[in-house]
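Please keep the sequence and the model in view while reading.

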Amino acid sequence: MTADSTPIPSTPAFEPVQGPSDPPTPEAARQPRRREDGAIPSRRERSVPHAGWMVVSGKEFADHLWSARFIVLLIVLGLAALIPMYFAADTIRNAASQVTGQSSIFLFLFTLGPTVGDTGVQLPAAWEFIAIVGPLLGIAFAFDAVNGERANGTLPRLLSQPIYRDDVINGKFAAGLAIIGLVLTFIVAVIAAFGIIRLGIVPSAEELLRITFWLIVTFLYVSLWLSFGLLLSVLIRRAATSALVAFGTWLLLTFFGGLITQLVGGFLAPVTGTLDQQAQSLSVQQTITRLLPDTLYREASLAILNPQVSAVTNPATLGGYAQAAQRIPSLQSFDQSILLVWPHMVTMVALAAFCFAIAYIRFMRQEVRA
Amino acid sequence: MTAPSTRPTRKKVGRARSAAGSDAAAASRRPRADGDDRPRAPIRTRGLTKKYGELVAVDHLDLEVQAGEIFGLLGQNGAGKTTTILMLLGLTEPTEGQARVVGLDPARRPLEVKRRVGYLPDAVGFYSDMTGRDNLRYTARLNRIPRDEAEDAIDEALEQVGLTNRADDHTEQYSRGMLQRLGIADALIKDPDVLILDEPTTAIDPLGVTEILDLLRSLVTERQMAILLSSHLLNQVQHVCDRIGIFAAGRLIGQGTMTDLAHRFGEDTATVEAEFQTDDAAGVDRVRDVLTAIPGVTNVTPPRRGNEAWSLSVKPAADETRVRRSVLAAASSTGLDLTSVRSVAPSLEEIYRRAVERAAHGHARDVR
């Protein structure tokens with residue numbers, strides 16, 4: 001018998017107290033029935049919504065679907081995936097004619113960068129392209145999630161509806177996940193369809209598995225940016241500022257991140273001394289570059305999309321290099337590739353969960369008013 | 001009797017038992033004496049306090065709003081009105097004290113409270129890329145109102161606030177006043193027992209204000225709602241509210257009906273107005289002499305222009321009737337051309353000014 005048990009009388013509160021033959025008078029309707037917890041009965045009983053986040057995410061998802069940013073991103077990403085593919089067709093045909101007996105021709109669709117005409121300019125491959133643009137996708141659907149509601153004046157109204165406060169942030173996050181899942185699946189499907197129709201190559205079961213798994217890794221990577229955007233939208237009051245900070249971070253990490261980590265790595269572990277020491281320094285430097293989610297995603301993508309990759313970590317000793325050099329090049333099976341990138345995935349999930357947790361806690365503690 | 005057992009709730013494990021079986025247990029927990037059949041007030045607070053660090057936003061507030069009345073919270077900006085409202089909705093936790101809304105503690109059971117309380121926030125906003133109707137539909141979905149029931153409720157609410165013909169426009173095309181009306185409709189969708197309105201009429205044009213206030217009045221008389229509204233527009237509050245609470249620096253410095261407040265803050269003075277037909281300055285002087293001579297009149301204010309009303313302060317207030325008769329008698333005996341004489345109810349503005357002044361004085365004394 002707890003004091004805070006949920007009181008839901010099984011009969012309507014306005015049921016007349018008299019016999020059924022008596023017409024219910026207004027007085028009878030107003031006569032409050034005693035409820036065990038002291039609640040004054042309402043005129044109409046209705047169940048308390050238990051899944052407010054689903055209503056919120058349903059609305060947010062619909063909003064995203066019809067938003068300009070969704071359509072723009074879809075067109076830009078779709079074109080950006082298709083146009084290089086058009087040029088890549090020749091590269092892939094050449095590559096396919098050279099390799100025999102290996103089951104990764106379909107994966108070339110994602111891993112081979114096209115060369116534009118005779119200029120010799122190498123465009124990024126599809127996966128590299130997504131590594132660059134993916135974060136934008138995450139940010140675009142989250143940077144104004146909470147502060148936009150604040151600026152609109154809709155947050156107090158939303159929170160005064162019978163939902164829990166976390167339903168709002170959970171619903172928005174869920175809607176963001178759904179929309180990025182949709183966009184990424186669409187792009188991968190477009191690339192795959194292009195390969196099947198234009199090049200006439202059909203994926204094997206393992207290739208399908210690899211692509212699906214790569215899609216999941218990409219989804220995790222973009223979710224990381226989604227939760228980062230959500231965090232900014234909670235912390236920063238103005239949507240414009242949070243967009244600026246998010247895009248700034250993206251630029252910094254994607255284009256200058258490598259430079260920065262190299263600098264820091266070179267400072268902390270300069271490559272000097274004996275070969276063994278140099279190998280050790282290189283290994284330390286690699287660990288530092290892995291502080292960037294971008295590095296994690298690149299390593300993971302390569303290992304999944306290219307069965308030839310047998311190691312993602314530089315050996316820490318000279319012996320390790322010697323061993324690696326002696327290894328007979330062979331194709332990794334799907335589960336071996338997954339084992340290679342498992343830590344990367346866990347790290348990405350952890351980072352995304354960390355950002356979301358901070359956003360969640362801050363949102364729960366924020367005052368409704370500014 | 002149908003069992004309510006499949007109704008899911010979150011975070012709470014306890015579930016309603018069959019209503020009949022637990023009556024005895026309920027009776028023992030009920031704090032009120034049996035036989036007291038007065039319905040309990042839908043809004044009650046006791047010692048409700050909210051502090052932001054050093055700042056005391058709401059200071060030991062005791063408030064009751066009964067079903068079927070409109071209670072006006074009056075106060076300057078920053079006096080703690082909105083904070084009080086947020087605590088009543090469970091959107092902010094009180095530092096101290098208790099609130100009961102429809103008999104429930106909003107801090108512990110916010111969902112049930114919010115299901116039954118309609119709230120119009122200060123500076124209400126809507127999703128600008130959705131139509132007014134779609135905004136209301138979203139609210140209905142959040143309240144889990146079945147679809148066809150919701151459509152009826154939406155139509156009715158839009159009708160009530162006079163937005164039916166603009167309901168399918170995007171809300172970005174709405175004026176401030178229309179948003180405010182839509183906000184009221186939004187609060188009515190869930191058919192609430194309690195309506196809490198924060199500055200409901202600020203941006204609405206004068207004719208619209210009358211409509212809205214009439215609507216509130218009909219909700220109270222027909223549906224027995226309890227309405228708490230906050231405002232700084234004194235004449236509107238005076239016009240529509242059954243009882244008024246005056247708020248200053250987080251404290252309720254006076255509450256009651258207009259008569260109660262006038263009695264409390266009137267400093268035992270009443271006002272009588274009289275109009276005379278005077279032709280020249282000599283006439284005006286004569287009127288002044290006559291009026292000043294009446295016993296009980298403490299102050300005579302001549303009209304600012306021409307033949308407008310003279311204002312007489314009467315103390316003690318009980319002498320007001322006698323003073324009016326004396327004015328009549330004096331006019332007839334001295335041959336002055338009296339055109340009207342009447343007693344004037346103190347305006348809320350006056351009461352409010354006095355209450356705030358008095359509270360400020362009291363506060364100064366406390367500090368000393």
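In which loop is the place of Pro316(B)? Pro316(B) lies in the loop between S12 and helix H11 (320-334) of chain B. Helices (H or I, at least four residues) and strands (E, at least two) are DSSP runs, numbered from the N terminus. The peptide bond that joins Lys315(B) to Pro316(B) is cis, with omega about 0°.

The model is predicted: local features need pLDDT of at least 70 and side-chain atom pairs count only at pLDDT 80 or more, while totals for chains, interfaces and linings use all residues. Residues are numbered from 1 along each chain as its sequence is written, and chains are lettered from A and ligands numbered from 1 in the order in which they are written.

**Domains of chain B**

Chain B is divided into domain 1 (43-264) and domain 2 (267-345); such bounds come from an automatic or database domain assignment. The C-alpha centres of domain 1 of chain B and domain 2 of chain B are 43 Å apart.

**The sheet S5-S6-S7-S3-S8-S9 of chain B**

Six strands of chain B form an open sheet in the order S5-S6-S7-S3-S8-S9, with mixed pairing. Two strands are said to pair if DSSP finds at least two bridges between them. Strand S5 (117-120) and strand S9 (251-256) of chain B are at the edges with a single partner strand each, so one side of each has no neighbour in the sheet. From one strand to the next, the twist averages 15°. Helix H9 (residues 258-265) of chain B packs on the sheet and touches S8 and S9 of chain B. The direction of H9(B) makes about 120° with that of S9(B); axes are lines fitted to C-alpha atoms, for helices over the stretch in contact, and angles run from 0 to 180 degrees between N-to-C directions.

**Antiparallel pairs**

| Strands | Bridges | Opposite residues |
|---|---|---|
| S10(B) and S12(B) | 5 bridges | Ala274(B) and Trp310(B) |
| S8(B) and S9(B) | 5 bridges | Phe247(B) and Leu252(B) |

Strand S10 (residues 270-276) of chain B is largely enclosed by the rest of the structure, because 5 of its 7 residues are buried. A residue is buried if 20 or more other C-beta atoms lie within 10 Å of its own, exposed if 12 or fewer, and partly exposed in between; C-beta atoms are placed from the backbone.

**Nonpolar cores**

A nonpolar core is a set of buried Ala, Val, Leu, Ile, Met, Phe, Trp, Tyr and Cys residues joined through C-beta atoms within 7 Å. The largest one holds 162 residues, of which Ile180(A), Ala185(B), Ile196(B) and Ile227(B) touch the most other members. Helix H9 (residues 205-235) of chain A gives the most to this core, with 15 residues. Another core, of 13 residues, lies apart from it and includes Val287(B), Leu291(B), Ile294(B) and Trp310(B).

Two residues are in contact if their C-beta atoms, placed from the backbone, lie within 7 Å. Beyond its neighbours within four places in sequence, Ile196(B) has contacts that include Ile85(B), Val117(B) and Leu228(B).

**Individual residues of chain B**

Is Glu199(B) buried or exposed? Glu199(B) is buried, because 20 other C-beta atoms lie within 10 Å. Glu199(B) belongs to the loop between strand S6 (194-198) and helix H7 (206-223) of chain B. Leaving aside neighbours within four places in sequence, Glu199(B) is in contact with Asp122(B), Ser230(B) and Ser231(B). Pro121(B) is 78 residues away from Glu199(B) along the chain, yet their C-alpha atoms are separated by 7.8 Å.

His60(B), in strand S2 (residues 55-65) of chain B, is not a glycine but has a positive phi of about 45°. His60(B) is partly exposed, with 15 other C-beta atoms within 10 Å. Ala249(B), in the loop between S8 and S9 of chain B, also has a positive phi, near 45°. Ala249(B) is partly exposed, with 18 other C-beta atoms within 10 Å.

**A covered helix in chain A**

Helix H12 (residues 293-305) of chain A reaches 18 Å from its first C-alpha to its last, close to the 18 Å expected at 1.5 Å a residue. The expected span is 1.5 Å times one less than the number of residues. Of the 13 residues of H12(A), 10 are buried, including Leu296(A), Tyr297(A) and Ile304(A). The cover over these buried residues includes helix H5 (126-140) and helix H14 (334-365) of chain A.
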